[in-house]
Amino acid sequence: MTAHVGDFGLARFLFDASNNPSKIQTISAGLKGSFGYIPPEYGMGGQVSTFGDVYSYGILLLEMFTGKRPTDDIFKEGLSIQKFVAMALPEHVGDIVDLSLLFVEEDDVDEKEVEERAIIHDHDHQRICTSRMKECLVSVMRIGLSCCSSIPRERMAMNVIVNKMHSVRDSFL
């Protein structure tokens with residue numbers, strides 16, 4: 001997996017250049033981000049903003065947890081990574097999550113979770129997904145979906161995202 005770090009912070013980069021109108025015009029004409037991570041408003045001539053950075057972060061979050069790039073061949077005929085995730089949540093999160101994230105050693109699962117776990121088969125490998133793990137995965141993917149809202153003002157602020165991600169981490173650990 002390759003993170004597209006250059007897609008984040010475009011708004012700040014442009015804000016720093018805003019004192020020079022010729023720079024801002026040149027930058028905004030050519031610098032928009034990587035295909036698949038570009039928010040829809042940029043394609044419609046929208047200004048670069050922190051909302052666009054949040055969108056790119058949401059796409060990366062969905063990519064990391066599904067193991068699928070937004071430009072994957074399965075995303076055609078109107079299907080996007082956002083729709084793919086939204087259709088699966090919450091009941092089928094185990095079907096879309098990257099199975100390499102779900103491997104848990106038997107010794108790492110407490111007795112209560114042993115009763116609640118679900119075994120997911122992937123060819124010859126077994127992955128264990130506890131109910132607590134599923135709840136966390138659903139929470140993280142919902143955060144990713146919220147970041148990817150097609151309406152910029154509906155996207156969470158980054159400080160809210162950080163707080164929500166910390167809550168998910170704390171509830172899992």
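**Loops, helices and charged pairs**

Modeller: Let us start with E77, which lies in the loop between α4 (50-66) and α5; please keep in mind throughout that this is a predicted model.

Biologist: What is the phi of E77?

Modeller: E77 has a positive phi of about 55 degrees, although E77 is not a glycine.

Biologist: And is E77 buried or exposed?

Modeller: E77 counts as exposed, because its relative accessibility is 81% and the cut-off for exposed is over 50%.

Biologist: Which residues does the cis peptide bond join?

Modeller: The cis peptide bond joins L89 and P90, with an omega of about -10 degrees, and P90 lies in the loop between α5 (81-88) and α6 (93-96).

Biologist: Okay, new topic: at what angle do α4 and α9 pack?

Modeller: α4 and helix α9, which covers residues 158-172, pack at an angle of about 25 degrees, and their axes are 11 Å apart. Angles under 35 degrees count as roughly parallel, and α4 and α9 are therefore roughly parallel to each other.

Biologist: Which residues make the contact?

Modeller: On the α4 side the contact is made by V54, Y57 and L61, while α9 contributes M158, I161 and M165. Sorted by type, the residues of this contact are six nonpolar, no polar and no charged.

Biologist: Switching to charges, how many salt bridges are there in the whole structure?

Modeller: A search of the whole structure finds three salt bridges. In one of them E41 pairs with R155, and the closest N and O atoms are 2.8 Å apart. This pair links distant parts of the chain, since E41 is in helix α3 (residues 40-43) and R155 is in the loop between α8 (131-147) and α9, 114 residues apart.

Biologist: Are E41 and R155 buried or exposed?

Modeller: E41 is buried, with a relative accessible area of 11%, and R155 is buried as well, with a relative accessible area of 4%; the cut-off for buried is under 20%.

Biologist: What about R69, which side chain does it meet?

Modeller: The side chain of R69 meets that of E63 in a salt bridge, at 3.8 Å from N to O. Here R69 counts as partly exposed at 34% relative accessibility, whereas E63 counts as buried at 1%.

Biologist: And which residue pairs with R169?

Modeller: R169 forms a salt bridge with D170, at 3.1 Å from N to O, and R169 is partly exposed, with a relative accessible area of 41%.

Conventions
Residues numbered from 1 in each chain as written. Predicted model: local features only at pLDDT ≥ 70, side-chain atom pairs only at ≥ 80, totals over all residues. Heavy atoms only, no water. Helix = DSSP H or I, 4+ residues; strand = E, 2+ residues; numbered from the N terminus. Buried < 20%, exposed > 50% of the residue type's maximum accessible area, 1.4 Å probe, protein only. Axes fitted to C-alpha atoms, helices over the stretch in contact; angles between N-to-C directions. Parallel < 35°, antiparallel > 145°, perpendicular 65-115°, else oblique. Contact = heavy atoms within 4.5 Å. Nonpolar A, V, L, I, M, F, W, Y, C, P; charged D, E, K, R; others polar. Salt bridge = Lys/Arg side-chain N within 4 Å of Asp/Glu carboxyl O.
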